[in-house]
Amino acid sequence: MAKITAAMKPTTSNFGSKAAALLEVLGVFLCGNFLASHAISWFGMRSVGAILQRALNHSPPNWLAASLGWSQVMGFQYACLLAAAIAIGFWRRRAGLRYYGITTAGTSVWSLLGLGVIGFAVFGIVGVGVDSVLPHLFPLLSSPSILSPFLERPWTADFWLFLAVASFGFQPVTEELFYRGYCQSRLEEAFGGAPAIIIVSLFHALGHNQYYHLTFMAAATIAAVVLLSLGAGYVYWRTRSLIPAILVHALINVPLSGVHVFLLPAVLVVVLALFHRQAGSMILGIGRGVRTFGYSKSSVYAALIAIGATVAFDWHPGMAAFAGALGLVVAIALSYRASRIEAAN
């Protein structure tokens, strides 16, 4: 625990390095998403909503076409985001794939998978309750998820393929590569472990604009996504590998129905009981991180700016992307200046 506490403390980085890190991350996010959305239109690709609607126009639904369309659109979007991030990272520090968590970091795959399961039990049990148990017990509390209306249809083999692409397979990999592999790693350099985990968790959760509704379920879902992101960020920080973070994300995205709605929470309780020491270590580590975050004004301001940028992009993508581009130029200039000073010393 001493190792965890020490690494989660904030850094002593100056204002310039923190500004450069935050502006770089937000610039990549805003500009990358803006360019991706326009490029998708230029290349004649459909939005995910249009892809789903087109699949449902067939009888039975054409889930194979939906799987292909979804993977193309989301793959293109995250390719734009990651290409910019990796290019800047290579320019700044010759960062390789290990920097972004594409490694086992000297730990066995089984240990990483086990940590992911424990992390899911600790941080995902609330999400399971919000997404599955509550709507099952109280039908009026409908889930705001974009996939919810389609889960009532027959779960055929090709529908499971679509879910693997849109929910628990392809999607967690691309999102974790960007949010944890890039955003968290970059912010950790300037802010430290705990602030980076919390900033990215809020940033990631508010990026789910399908939950921008003044309803109990939307607010509860956002809170659950924040908690789950904290868990994914924690296991990534602890292992430096994306494997457990991806597993945490993937498991919460697996849809539930019937008896499984209540069976999974029971299994998670058993996992928590069997691995209570590891679970307690995770909870204490995040708790210390949250307290540390509260003492750092720069981290609080950074989180508010990140949230504001995410919401602003949903309201006015063009203006937000323009601001992000200016911020990215400033970030590159600050990073270049810092590298020159370091080389001179």
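User: How many salt bridges does the rule give here?

Analyst: The count comes to 6 salt bridges. Keep in mind that this is a predicted model.

User: What makes R186 and E24 a salt bridge?

Analyst: Their closest N and O atoms are 2.8 Å apart. The cut-off is within 4 Å, so the pair qualifies. R186 sits in helix 7 (residues 170-191) and E24 in helix 2 (residues 15-42), so this contact ties together parts 162 residues apart in sequence.

User: Why is R186 called buried?

Analyst: Buried means under 20% relative accessible area, and R186 has 4%, so it counts as buried. E24 passes that test too, because its value is 2%.

User: How do you know that E189 and R92 form a salt bridge?

Analyst: Check the gap: the closest N and O atoms are 3.5 Å apart, and that is within 4 Å, so it counts. E189 belongs to helix 7 and R92 to helix 4 (residues 63-93), 97 residues apart.

User: Why is E189 called partly exposed?

Analyst: Its relative accessible area is 33%, which falls between the 20% and 50% limits, so partly exposed is the label. R92 gets that label as well, because 24% also lies between those limits.

User: What about E188 and R240, buried or partly exposed?

Analyst: One of each! E188 is at 16%, under 20%, so it's buried. R240 is at 29%, between 20% and 50%, so it's partly exposed. Salt bridges with shared partners also join E24, R92, R186 and E189 into one network.

Note on methods:
Residues are numbered from 1 along each chain as its sequence is written. This is a predicted model: local features need pLDDT of at least 70, side-chain atom pairs count only at pLDDT 80 or more; totals for chains, interfaces and linings use all residues. Side-chain values use heavy atoms; hydrogens and water are left out. A salt bridge is a side-chain nitrogen of Lys or Arg within 4 Å of a carboxyl oxygen of Asp or Glu. Helices (H or I, at least four residues) and strands (E, at least two) are DSSP runs, numbered from the N terminus. Buried means under 20% relative accessible area, exposed over 50%, partly exposed in between (1.4 Å probe, protein chains only).
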